Amino acid sequence: MLVERVRLSEIVAGRRPATTPIGAALPPGVDVRQTRAVDYGDGCVTLATGETLTADAVVVGTGSRGRLPEAVGAHAEPPAHVASEGGALFRLEDPALPAALASSPGGPVTVVGGGTSGVEVAAELAEAGFAVTLVAPALLPTLSPAAARYAQHTLERLAVRWRQGRAHVAENGLAVSDGTGAVPPAGVVIWATGIDVVVPGERGQVAVDPFLRQPGTRSVFIAGDAAAVRGADGDLLRGACASAMPMGMHVANNIHRLLAGRALAPWSFRFLLVCVSLGRHAAMVQLVDAADRPTRLVTGRLAVWTKELICRGTIALPLWEARTGVRLYRWPQGPLAPALAAPSPAPPVAPRVAPPPGAAGRLESP
Ligand SMILES: Cc1cc2nc3c(=O)[nH]c(=O)nc-3n(C[C@H](O)[C@H](O)[C@H](O)COP(=O)(O)OP(=O)(O)OC[C@H]3O[C@@H](n4cnc5c(N)ncnc54)[C@H](O)[C@@H]3O)c2cc1C
C-alpha cells in the first residue's frame with residue numbers, strides 16, 4: 001500500500017483514505033510482490049517467503065518509520081497501551097489510528113513531538129473538534145523563530161494546549177518533564193518524535209557513493225531515507241519526499257546508464273522549502289538556503305495553495321509521466337555534496353541478463 005505521508009495529518013483526522021493500493025500508483029507491467037525483503041546483494045533480493053529474486057540491478061528504498069519511545073520498544077507494533085489513564089499509543093502512520101480517533105470523536109488526544117508532523121496533526125485534529133494537548137520542548141525547532149511563533153499563535157487559536165516539556169513513558173503512564181510531572185489523560189496518544197531508517201539485514205542507513213550506489217557493489221542503489229547523503233553544508237540530508245522522489249528518479253536514470261555501459265551521473269540536490277499545514281485554513285512555507293537553513297517565511301493563502309499543490313504533485317505528476325512518457329519533473333540542483341562513501345570502482349559494462357520470468361519485481365510491503 002502507498003501511504004501519502006505529506007497528507008498524514010488529513011488522513012489521521014479522517015478526511016482522506018489512509019492508503020492507495022500500490023498497483024494504482026504504478027504503470028501496468030510492474031510485478032508487485034506483497035512481502036518483505038530480508039536481505040539483498042548484487043543482483044539478488046531475498047524475500048521473507050524464502051524466495052530469491054534475481055535482477056540486473058537492485059534498488060533499496062525501504063525508507064523509514066515513525067520512532068517509538070524506548071520504553072515501548074523500537075520494534076513494537078502499536079497500538080501499545082502505555083497506561084489506562086495515559087491512553088493507547090500510536091505511531092502517526094499507524095493504519096489503526098484513524099479508526100481509534102473516529103471511535104471517540106472530540107475526545108482528548110495527546111500529540112508528542114513539536115516537529116512538522118506533530119504540529120500538523122495537532123492543528124488538524126483540533127480543527128476537527130478534538131481536545132488536543134501537544135507535548136514538546138519547542139515548536140518547529142529546525143525552522144525560523146518566525147515559523148515557531150506563527151505555529152504557536154495558530155495552535156492557540158485552535159485551542160491546542162501546548163505543554164512545554166519532553167514526554168516519556170513511565171511506569172504509571174505518560175509523564176511530562178514540564179515541572180508538574182503530571183500525566184495528561186488522553187484516549188489516544190500520538191507519538192511523533194522523529195523517524196528511524198529501516199534497511200533489510202539490519203544495516204542501518206547506508207552511506208552511498210556519489211552515484212547513490214552502495215559501495216563495494218556493482219549494481220545496488222539506495223534511494224530515499226535509506227541513503228545517507230550529505231547536503232552542501234556537509235550535514236546529512238533530512239528525510240523528506242522532496243529528496244526521496246528525485247533520488248528514485250536519479251537512481252532509475254543511473255541504472256539505465258549502467259545497463260547501457262555508460263558512465264554514471266553524480267547526485268546533486270538542494271532543498272528549497274519546507275511546507276507545514278496548520279489545519280485546512282492556514283499553512284506556512286519556510287524557504288531555506290542551499291545548506292537547508294531557514295530564510296523567508298510565507299504564510300496565508302499562498303502558503304495554503306503551495307502546500308496543496310505539492311501534495312497533489314507528489315502523486316499526480318509521477319502517474320501522469322508514467323502514462324504519457326513525458327518527463328516534466330525536475331529538482332533543484334545543489335553544489336555536488338561530498339559523498340559519505342568513496343566511489344565504487346568504475347562499473348564494468350553490464351551484460352544484459354534477462355531475469356527469469358517474474359523474477360525481477362518492484363518490492364512493496366503490505
Ligand atoms: C510520520 C511521518 C510523516 C512524514 N511527513 C512528511 C511530510 O509531511 N513531508 C515530507 O516531505 N516528508 C515527510 N516524511 C518523510 C517522508 O515520508 C520520507 O522522507 C519519504 O517517504 C522517504 O521515502 P522513501 O521512499 O525513502 O521511504 P518510505 O516512504 O518510508 O517508503 C518505504 C517503503 O518500503 C517498505 N519497506 C520497508 N522495509 C521493507 C522491506 N524489508 N521489504 C519490502 N518493503 C519494505 C515500506 O513499507 C514502505 O512502503 C514523513 C515521515 C514519517 C514517518
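1. Basis of the model. Residues are numbered from 1 along each chain as its sequence is written. The model is predicted: local features need pLDDT of at least 70 and side-chain atom pairs count only at pLDDT 80 or more, whereas totals for chains, interfaces and linings use all residues.

2. The ligand shell. The ligand is surrounded by 29 residues, the closest being Thr 62, Gly 63, Gly 224, Gly 239 and Ala 244 (a residue is near a molecule if its C-beta atom, placed from the backbone, lies within 6 Å of it). Two or more residues each come from strand S8 (64-66), helix H3 (116-127), H5 and strand S24 (362-364); helices (H or I, at least four residues) and strands (E, at least two) are DSSP runs, numbered from the N terminus.

3. Position of the ligand. Because domain 1 (33-63 + 198-266) and domain 2 (80-195) both give residues to the shell, the ligand lies between them. The domain bounds come from an automatic or database domain assignment.

4. Helix H3. Twelve of the twelve residues of H3 are buried, so this helix is largely enclosed by the rest of the structure (buried: 20 or more other C-beta atoms within 10 Å of the residue's own, with C-beta atoms placed from the backbone). Among the elements covering these residues are helix H1 (8-12), helix H4 (145-157) and strand S21 (273-277); contact requires C-beta atoms, placed from the backbone, within 7 Å. Just after H3, Gly 129 has a positive phi of about 100 degrees.

5. Helix H5. The 19 residues of H5 (residues 241-259) should span 27 Å at 1.5 Å a residue, which agrees with the 27 Å between its end C-alpha atoms; the expected span is 1.5 Å times one less than the number of residues. Its buried residues include Ala 244, Met 247, His 250 and Leu 258. They pack against strand S7 (58-60), strand S19 (220-222) and strand S20 (227-228).

6. The S14-S15 hairpin. Strands S14 and S15 form a hairpin with two residues between them. They run antiparallel and are joined by four bridges; strands pair if DSSP finds at least two bridges between them. Ala 167 has Val 176 of S15 as its bridge partner.

Key: Two residues are in contact if their C-beta atoms, placed from the backbone, lie within 7 Å.
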